[in-house]
Amino acid sequence: MAVPASPGSIAIEAQDLVKRYGVVRAVDGVSFQVRRGEIVGFLGANGAGKTTTLRMLCGLLTPTSGRALIDGFDIFAQPLEAKARLGYLDEEPFVHPHLTGREFLNYIADLYRMPRGPKRQQRMERLLGLFELADRNGELIGAYSHGMKQKIGLASLLIREPSVLLLDEPTNGLDPRSARLVKDLLEELAALGTTVLLSTHILEVAQALCKRVAIIDRGHIVATGTIDELRAQAGSEQASLEDLFLKLTAGPESRELIERLLAPKL
Ligand SMILES: Nc1ncnc2c1ncn2[C@@H]1O[C@H](COP(=O)(O)OP(=O)(O)O)[C@@H](O)[C@H]1O
Ligand SMILES: [Mg+2]
């Protein structure tokens, strides 16, 4: 049920998003754009504001101010148009504990009014097979491991063929084989025109998968660009993504602390 894309090449846009909790500014004026067919990594340490930003982009959390656009549609003002194009995987995947994997995929497909029939059935079985969830003998999702919940959550997005994917730490809790599968799958989907914004604090995932990254630190975007652009920005041509990340996100106080911890004892 792929929804035809609207004209224009920007698939995801955050416009000055702010989320305040009392005096805490979890997200403090975040703006960026993701072009159609791109895989962009959204990087940040724990508590940097990744989940809060993604939950605003998908319409789950109301921003204090700012806008979120999916394929040019405002997620709050035009929710049906925006959400029909969108697949969102939360940090804690939204799955139904009292259904089997197969029942859950059927339920989601019904919810999104995908016509029943051999095509839908085939796609469902392919996804269950791909994620190694096909032969669970009626096991309910409630009994799944975190990694399996992650995979059935992802399958429940992919069954709908959304053109834009927002994924919060999609490889978190996956064994190396499943993590590789997800990476390969996302690359293939992007090659077919799907847009992917994925958050991660695991830099190898971003380095392997993303042409561009946006780095968030304490609610602020501190850098966006390709890894080469970030290198140029940081003035270090040989730097790894990890070096750049630490340079851009570690405040002087934490650097000093690390140096002191690592200093040889006198
Ligand atoms: N419901 C909430 N109430 C108060 N503070 C929150 C709430 N949700 C998140 N925060 C705070 O906002 C900041 C960003 O959190 P989050 O977006 O979850 O970060 P990340 O996903 O990058 O680890 C953190 O300091 C967190 O404690
Ligand atoms: Mg998070």
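Me: How many bridges join β1 to β2, and do the strands run parallel or antiparallel?

Reply: In this predicted model, nine bridges join β1 to β2, and the two strands run antiparallel. One of the pairs is glutamate 13 with its bridge partner in β2, glutamine 33.

Me: What makes β1 and β2 count as paired strands?

Reply: Pairing requires at least two bridges between the strands. β1 and β2 have nine, so they qualify as paired. They form a hairpin with two residues between them, and glycine 22 in the turn has a positive phi of about 60°.

Me: Why is leucine 17 called buried?

Reply: The criterion for a buried residue is 20 or more other C-beta atoms within 10 Å. Leucine 17, which lies in strand β1 (residues 10-21), has 25 such atoms and is therefore buried. Leaving aside residues up to four places away in sequence, leucine 17 touches Val27, Val30, Thr53, Met56, Pro63, Gly66 and Ala68. The C-alpha atoms of leucine 17 and histidine 220 are separated by 10.0 Å, although these residues are 203 apart along the chain.

Me: Which is buried and which is partly exposed, aspartate 71 or arginine 218?

Reply: With 24 other C-beta atoms within 10 Å, aspartate 71 reaches the cut-off of 20 and is therefore buried. Arginine 218 has 16, which falls between the limit of 12 for exposed and that of 20 for buried, so arginine 218 is partly exposed. Aspartate 71 is in the loop between β4 (65-70) and β5 (73-74), whereas arginine 218 is in the loop between β9 and β10. Phi is positive in each: near 50° for aspartate 71, a residue other than glycine, and about 45° for arginine 218, which is not a glycine either.

Me: Why are β6 and β10 said to stand at the edges of the sheet?

Reply: The open sheet has six strands in the order β6-β7-β8-β3-β9-β10, with mixed pairing. β6 (86-89) and β10 (220-226) each have a single partner strand, so one side of each is left without a neighbour in the sheet. From one strand to the next the twist averages 15°.

Me: What makes β7 and β8 a pair?

Reply: Five bridges join β7 (residues 164-168) to β8 (residues 195-200); at least two are needed, so the strands pair. These two strands run parallel, and leucine 167 has leucine 198 as its bridge partner in β8.

Me: How do you know that the buried residues of α9 are on the same side of the helix?

Reply: The buried residues of α9 (residues 241-249) are Leu241, Leu244 and Phe245. They cover an arc of only 100° around the axis, which puts them on the same side of α9. These residues pack against β3 (39-43), α7 (203-209), β9 (212-217) and α8 (227-234). The helix α9 also packs on the sheet, where it touches β3, β9 and β10, and its direction makes about 35° with that of β9.

Me: Which residues are around ligand 1, and which element gives the largest share?

Reply: The shell consists of Tyr21, Val24, Ala26, Gly44, Asn46, Gly47, Ala48, Gly49, Lys50, Thr51 and Thr52. Two or more residues come from each of β2 (24-35) and α1 (50-57), and α1 gives the largest share, three residues. By class, the shell has four nonpolar, six polar and one charged residues.

How values were computed. Residues are numbered from 1 along each chain as its sequence is written. Chains are lettered from A and ligands numbered from 1 in the order in which they are written. This is a predicted model: local features need pLDDT of at least 70, side-chain atom pairs count only at pLDDT 80 or more; totals for chains, interfaces and linings use all residues. Helices (H or I, at least four residues) and strands (E, at least two) are DSSP runs, numbered from the N terminus. The arc is that of the directions from the helix axis to the C-beta atoms. Two residues are in contact if their C-beta atoms, placed from the backbone, lie within 7 Å. A residue is near a molecule or strand if its C-beta atom, placed from the backbone, lies within 6 Å of it. Ala, Val, Leu, Ile, Met, Phe, Trp, Tyr, Cys and Pro count as nonpolar, Asp, Glu, Lys and Arg as charged, and the others, Gly among them, as polar. Axes are lines fitted to C-alpha atoms, for helices over the stretch in contact, and angles run from 0 to 180 degrees between N-to-C directions.
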